[in-house]
Amino acid sequence: SAGDFTIYGKLNNIVVKDIPKSVPAGPLSFKLHLHGNFNHYIGAFAMNGSPGFGGIQGNIEGSNTGLQFDYTGNILGAKLLPAKLKIDWQPLMNVQGELRLRGLQNQRIFSTVPGQLSCNMIINAAQAAKNINGRIQLQVLPSQIYKTNLVGNADLKFSGNQWDLQEANIRGSGLTVTASGNLQKHLSFSLNVDNWQMLTPDARGSTSAHGWIAQANQNWVGSIKAHAHKVLYAGIAIRKLDAQASLLTNNKLLANLHIEGAEYKQYLINLQSQAHGTLGHFGMDVEAQSTGNQFTLHSLVQHSHSTWNLLLNQSHFQSKRLGFWQLEHPSTLSWNSGVIRITPLVFNDSHGSKIGAQGFYNPAQNLASLNLNISSLPLDIKQKNNDISLDGYLNTHLQAQCDGICHADGNWNFEKTQLHWLSDNVSQSIDLQKFSGQVRWQPKNLNLTSYLELPKNWGSAQIHLHSPVTLALPWRWNEQAAIQATVQAKLGAPLFAA
């Protein structure tokens, strides 16, 4: 039609879902103004968000076969220099566009990583039969991640769902990232970081990794090797780490991990792990050592769709202080669509002590169950200066059920228990005749009772606690709830004399 038209439209308070929380988009507004006819029209388009998000605005010129949008703006505090986007839909779809971004603050996306990014991107895509073929070229201009200046480029060609990364690299002082190839045949990659402290204030050390991946006949294959030296992150320091893994065409998995000198707080740990089998069914062995302690695990991992099962076949732990503990019988930890489940998991020691647990947790439906049993667990509780200590054996049972709101019942008692103390630098001790308790936690009703009986004529005590506090999933309670305590005690002459 040769008739002229004028179009003016405005939309406000458009909320876009699933935007990362770090992006302050806010409600979006759109404005469109067009004037002309179907053979030639001109106009303007603008999109704006919150002040922290920014917006895009520009001029439109088009016809019945395509249009061109000349735009500029600012996004997340970064400038969008003048650029073009051209779209033709006749005779075939064809897209040509460019992006010229300057000074995007990294912390707008990654809050803990200072720096800024500037880049140019060009895209060309054209319809050929049933496929869209094209090329995307990216040029990383002088940018910065924390204390590291970097530049780089990438060149990606695609045809339908097949793509080929001709070249990609990021370069900086002590930093190299490269990749090339395609997932259908062979995509290789490498990473070298001389000092993580130059990239983020929260890390230290050096890392190198290289490998390749591919997806052949719907099956993943690949290989990777990684090495880290004197790394520190989140309070964990590792003197040396070596890892390698291979996934072969028959789904065969081989992996090794060696960690030397992992330090967390006062613990120094060495760890070795191996995995062997297929991607859906592989054995995993773990050995770990620290000063005076040793841990061993032989297990089987099974995976299908949304289910992971970890079958614990054999495990033992040996410690100078805690003795020798081992898994009594095989047990399974499972994860199925977010539901975590533990079949009876029982450890015992060489003296008849046992710790057993089973239950499940479904965070989506706020459902949980726990059954905990402890039998003859040796305890040695000392005051900081060792003037007072308590040793004995603990027996306890706790059962809890949660359906949004939690209900729990439990009891405990100590046996063969002695209290030790120093009086005028002379060691004293007594046998506790009874030390037991019960707890019941119902909605708005927490009750705990504990009873202590000393030797004859020494005395006894009973403590009762009550609070209207309620435990609810996901693991929260009203912290402001009051706690009432009642203590009834009978103190004998021998206690005062001691």
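Biologist: Let me start with Cys402 and Cys406. Buried or exposed?

Modeller: This is a predicted model. In it, Cys402 is buried, and so is Cys406. The cut-off for buried is under 20% relative accessible area.

Biologist: Which cysteines form a disulfide?

Modeller: A disulfide is a covalent bond between the sulfur atoms of two cysteines. Here the pair is Cys402 and Cys406, with sulfur atoms 2.0 Å apart. The cut-off is within 2.5 Å, and by this rule the count comes to one disulfide.

Biologist: Why is the disulfide of Cys402 and Cys406 right-handed?

Modeller: Look at the torsion about the S-S bond. For Cys402 and Cys406 this torsion is about 110°, so the disulfide is right-handed.

Biologist: What is the relative accessible area of Cys119?

Modeller: The value for Cys119 is 9%, so Cys119 is buried.

Biologist: Now the strands. How many bridges join β7 to β8?

Modeller: Ten, and the two strands run antiparallel. β7 covers residues 94–105, while β8 covers residues 115–128.

Biologist: Which residue in β9 stands opposite Ile123?

Modeller: Ile136. β9 spans residues 131–145 and runs antiparallel to β8, with twelve bridges joining them.

Definitions and conventions:
Residues numbered from 1 in each chain as written. Predicted model: local features only at pLDDT ≥ 70, side-chain atom pairs only at ≥ 80, totals over all residues. Heavy atoms only, no water. Pairing = 2+ DSSP bridges. Helix = DSSP H or I, 4+ residues; strand = E, 2+ residues; numbered from the N terminus. Buried < 20%, exposed > 50% of the residue type's maximum accessible area, 1.4 Å probe, protein only.
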